[in-house]
Amino acid sequence: MISVDGGWRKLGGILCERYELPGRPARWIAGVGVNVSTPLSAFPAQLRPHVGTLAMACEQLPAREALVARLANAVRREITAWVAAAGQIDGPAIAPLLLFVGDEIGVELGDGGPDRRVHLRGLAADGALRVAPNRSASAASESLMQPLQITAAYGEPPWHAAPRLAPAG
């Protein structure tokens with residue numbers, strides 16, 4: 001997120017997916033996207049008020065190669081720290097950075113069943129999602145969804161064109 005004219009705009013995103021091949025351990029693929037200098041006119045009209053670019057925030061854009069190198073080094077540094085901590089994270093410190101805390105999200109568990117709709121409450125120290133069946137559920141009804149169980153998790157911001165899933169019933 002970047003601040004533009006007193007409001008917040010989304011600068012980029014991260015997508016992580018888990019896949020499995022028969023007889024092999026599960027693998028994760030992570031992709032990172034950053035809006036560098038794409039003109040707002042290239043985005044769908046409903047997204048334009050919410051999209052930010054580095055060009056909006058910087059007087060002088062860094063060279064793309066330098067930007068990619070800095071991003072790759074930052075990701076490598078965080079992964080190294082995560083591995084050194086035996087897969088533990090500081091969930092309470094990261095939770096304020098999560099976009100969809102308090103909102104309904106879709107979770108795909110890769111078990112052939114339908115996607116689940118849950119309310120994201122935050123992160124546990126091991127990276128598990130802290131979820132509840134609905135917004136008003138008590139803390140006692142919270143459960144943990146372990147990262148290795150999840151194939152995909154996603155939220156839909158209110159300004160998104162169309163929800164990916166039908167609302168929970």
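Let me start with a definition: helices (H or I, at least four residues) and strands (E, at least two) are DSSP runs, numbered from the N terminus. What we have here is a predicted model, so local features need pLDDT of at least 70, side-chain atom pairs count only at pLDDT 80 or more, and totals for chains, interfaces and linings use all residues. Residues are numbered from 1 along each chain as its sequence is written, and side-chain values use heavy atoms, with hydrogens and water left out.

Okay, the surface to begin with. There's a nonpolar patch made of Ile 14, Val 32, Val 34, Leu 71, Val 75, Ile 79, Trp 82 and Val 83, and together they have about 700 Å² of accessible area. For patches, we take residues with over 30% relative accessible area and no salt bridge, joining like charges within 9 Å and nonpolar side chains (Val, Leu, Ile, Met, Phe, Trp, Tyr) within 5 Å. The areas themselves come from the Shrake-Rupley method with a 1.4 Å probe, and for residues only the protein chains shown count as cover.

Which elements give two or more residues to that patch? Strand E4 (27–34) and helix H2 (64–84) do. H2 has the largest share, five residues. Trp 82 sits in helix H2, and it counts as partly exposed because its relative accessibility is 42%. On those words: buried is under 20% relative accessible area, exposed is over 50%, and partly exposed is in between (1.4 Å probe, protein chains only).

Now look at Asn 35, in the loop between E4 and helix H1 (54–57). Is Asn 35 buried or exposed? At 18% relative accessibility, Asn 35 counts as buried. Leaving aside neighbours within four places in sequence, Asn 35 is in contact (heavy atoms within 4.5 Å) with Lys 10, Leu 11, Gly 12, Phe 43, Val 51, Gly 52, Thr 53 and Leu 54.

Next, the charged pairs. How many salt bridges does a search of the whole structure find? It finds three, where a salt bridge is a side-chain nitrogen of Lys or Arg within 4 Å of a carboxyl oxygen of Asp or Glu.

One of them pairs Glu 104 with Arg 117, at 3.0 Å, N to O. Glu 104 is in strand E5 (residues 104–108) and Arg 117 is in strand E6 (residues 116–123), so this pair ties together parts that are 13 residues apart in sequence. Glu 104 is partly exposed at 22% relative accessibility, and Arg 117 is partly exposed at 21%.

Then there's Arg 121 with Glu 142, at 3.3 Å, N to O. That pair links distant parts of the chain, with Arg 121 in strand E6 and Glu 142 in the loop between strand E7 (129–132) and strand E8 (143–145), 21 residues apart. Glu 142 also forms a salt bridge with Arg 130, and there the closest N and O atoms are 3.0 Å apart. Arg 130 is in strand E7, twelve residues from Glu 142. Through shared partners, Arg 121, Arg 130 and Glu 142 are joined into one network. Arg 130 counts as partly exposed, at 25% relative accessibility.

So what's inside? The largest nonpolar core has nine residues: Phe 100, Ile 105, Val 107, Val 118, Leu 120, Leu 123, Leu 129, Val 131 and Met 145. By nonpolar core I mean a set of buried Ala, Val, Leu, Ile, Met, Phe, Trp, Tyr and Cys residues joined through side-chain atoms within 4.5 Å. E5, E6 and E7 each give two or more residues to this core, and E6 gives the most, with three. Apart from it lies another core of five residues, including Ile 2, Val 4, Leu 11 and Val 36.

Two strands pair if DSSP finds at least two bridges between them. E5 and E6 run antiparallel and are joined by four bridges, with Val 107 opposite Arg 116 in E6. E6 and E7 are also antiparallel, again with four bridges, and here Gly 122 stands opposite Arg 130 in E7. The E6 and E7 hairpin has five residues between the strands, and Gly 127 takes a positive phi near 95° there.
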